[in-house]
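Look at the sequence and the fold, then read on.

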Amino acid sequence: MTDSLLAARDLGHAFGSVVALHSVNFDVPPGRIGLVGANGAGKTTLVKILLGILRPTTGTATVFGDDATSEFLPIRSRVGYMPESDCLPLDVTAADFLIHAAGLAGLPKNAARQRASDVLTLAGLHEERFRRIGGFSTGMKQRTKLAQAIVGHPDLVFLDEPTAGLDPEGREDMLDLISRLGGFGINALVSSHVLGDIERTCDWVLMLDGGRVIRSGPLDQLVEDDVASVEIIGDRNAVAAALTDAGATVEHDGRHLLVRAPDSDPFLLIRDALAATGAGMLSLGPRSTSLEDVFLSQEGSE
Amino acid sequence: MSDRGAVYDLGYTPYSGERLGRRGAIAATYRDGNYRVLGIKRRARKKILPWSLAILVMVPAVVFVGFSFLLSSFSPDADSPFANQQQYFGITATIVFLFVVLAAPELLIPDRREGVLSIYSSRPLRPDDYVAARSASLLTMVAGFMLLPQVLMYIGFSALDADGFFSAVVSNGSEIPKFVAASAVYALAYAPLALLISTLAERKSVATGVYLGTMIIGSSLAAFLVDSGTRYAALLGFAEHPTHVVEWIYGASGETVTQRAGFDPWVAMVIIGGVAVASVGIMIWRYRRLM
């Protein structure tokens, strides 16, 4: 458990009679972690427990091996947090707020000033640093929120719905920034219900549904990119049978057959099956199993 | 030397310097509170009222000392045409009261309304630390408003003393604990209740209105009820309790509502202390639920 960046044992939390987390267990290694789930899945509750803002009703959670309930002050000295909701004072400049945020992270005054300048530049707000936050666009506010979260150079940053409310260009900028955090030695927990954002930025996925963990693992093991999709002209069932006989797993998806072959190349097996059955082919190509497919297949199954 | 410029991509530099942890977070919260109540790093209009009041609280002291210098007639024990240090508290109390009316809501309500409290919640800061730092900001400002003109007058009048500056400083040294204690009494009487109301109110205008109502209408009502024969109503005259205590500190007598009702100064002190402790207790309880 101590080698994990984040861990939970029988972690549960209830708001009165509403259970937000049901005895969840997980171990998550350092890196960029995607915390995915629908609205109300328990993501924000989990983040708040890990930050020591909420006390779990049952079980324990650890961050860097420290108990999130009893050791929350040392943990908070090493983390940053970007809330989903509004969290910016509107009547101060971005530079002044960042200096204050760095001070709150425990940096001395001179270091806070220097870090604020550096991080605003990183976030693309250097030109705007002396403007009051109240006059910022949504994208600039989101970048300011991210900047305040990393201004103390935390070991881990919690990002709650970092792309919420952003236009496509702003979203690209934000995802690009998040992707670069790992290179700065900052681990990240990205909480989002936008699965594409998680696929773009994370290397580990923790899926929540209805307050339960439904999957936790490396992203590359959750999503598949070795599936071939073929649209058949002729006897589809015969081709499917030939593929099955050759050791492939075949799934019917409308007019397409989805072919998985763990031990061989599915495209070669399709070629052989078409030759053996004399069937024709309208289209053939790779088909990736997205995080969304995994989530939808798991959702509600637990 | 080359005449061509060079571009250096310094990139992102990880921070590996000193970290002050909880102590630094408390200091930052305190510092931000001081900036906020004085409008520092805020728009110009946010500076107007606090700085006007700060000037207003100092101007009479400067005028008193200045005129005393010009007339060369001042003697602390003589009947000076100007206010003595105890009477000066009567001038500053009203100004400080107005300052507290404006500063307490500004100190607490925007953090909650704008969601900034969630940032504090994620830093190495306990809810009690936040309350302590914010309260300390207001108490510091109130004590400063009270003390600065007193210190100015003390030094100014000592400089004008016929026996010489250092002799006057020593001989009038007993004044120092008096005006320090009097400043603390006013700070404790005004600030905690204002902070409590700002903790519970959602809007600055509501907090201002409730505080003004509690202090001004409460004292007027207490005076009316005392004059009607309800003696214990005097305890509700919160705005007048510090005056009663300060008059006692200076050995003066006055006409506050508790004095008219026949209460000793310690009763006013107990009420001031009780309201302060209860206010801080409720604030901590509330912020433990919010952070």
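**Briefing: sheets, helices and the chain contact**

Chain A holds an open sheet of 6 strands in the order β6-β7-β8-β3-β9-β10, with mixed pairing. Two strands pair if DSSP finds at least two bridges between them. This is a predicted model: local features need pLDDT of at least 70, side-chain atom pairs count only at pLDDT 80 or more, and totals for chains, interfaces and linings use all residues. Residues are numbered from 1 along each chain as its sequence is written, while chains are lettered from A and ligands numbered from 1 in the order in which they are written. Helices (H or I, at least four residues) and strands (E, at least two) are DSSP runs, numbered from the N terminus.

- A:L35 has A:L206 in β9(A) as its bridge partner.

**Helices across that sheet**

- Helix α5 (138-150) of chain A lies across β6 and β7 (156-160) of chain A, at about 165° to β6(A).
- Helix α6 (168-181) of chain A lies across β3, β7 and β8 (187-192) of chain A, at about 145° to β8(A).
- Axes are lines fitted to C-alpha atoms, for helices over the stretch in contact, and angles run from 0 to 180 degrees between N-to-C directions.

**Strand β1 of chain A and its partners**

- β1 (6-15) and β2 (18-28) of chain A are antiparallel, with 7 bridges.
- β1(A) and β2(A) make a hairpin with 2 residues between them, and A:G16 in the turn has a positive phi of about 65°.
- β1(A) also runs antiparallel to β4 (58-63) of chain A, with 5 bridges.
- A:L6 stands opposite A:V28 in β2(A), and its bridge partner in β4(A) is A:V63.

**Chain B overall**

- Chain B has 11 helices and 0 strands.
- Its C-alpha atoms fill a box of roughly 75 × 55 × 30 Å along the principal axes.
- Of its 291 residues, 40% count as buried (20 or more other C-beta atoms within 10 Å of a residue's own, with C-beta atoms placed from the backbone).
- Among contacts in chain B with a separation of 6 or more, 75% join residues 24 or more positions apart.
- Two residues are in contact if their C-beta atoms, placed from the backbone, lie within 7 Å.

**Helix packing in chain B**

- α1 (21-38) of chain B packs against α5 (127-160) of chain B at about 40°, with the axes 8 Å apart.
- That makes α1(B) oblique to α5(B); angles under 35 degrees count as roughly parallel, over 145 as roughly antiparallel, 65 to 115 as roughly perpendicular and the rest as oblique.
- The residues in this contact include B:I26, B:Y30 and B:V37 of α1(B), and B:Y130, B:L138 and B:M141 of α5(B).
- They divide into 8 nonpolar, 5 polar and 3 charged.
- Ala, Val, Leu, Ile, Met, Phe, Trp, Tyr, Cys and Pro count as nonpolar, Asp, Glu, Lys and Arg as charged, and the others, Gly among them, as polar.

**Where the chains meet**

- The contact takes 31 residues from chain B and 32 from chain A.
- α1(B) gives the most to chain B's side, with 7 residues.
- That side of chain B has 12 nonpolar, 9 polar and 10 charged residues.

Notes
Buried ≥ 20, exposed ≤ 12 C-beta atoms within 10 Å, placed from the backbone.
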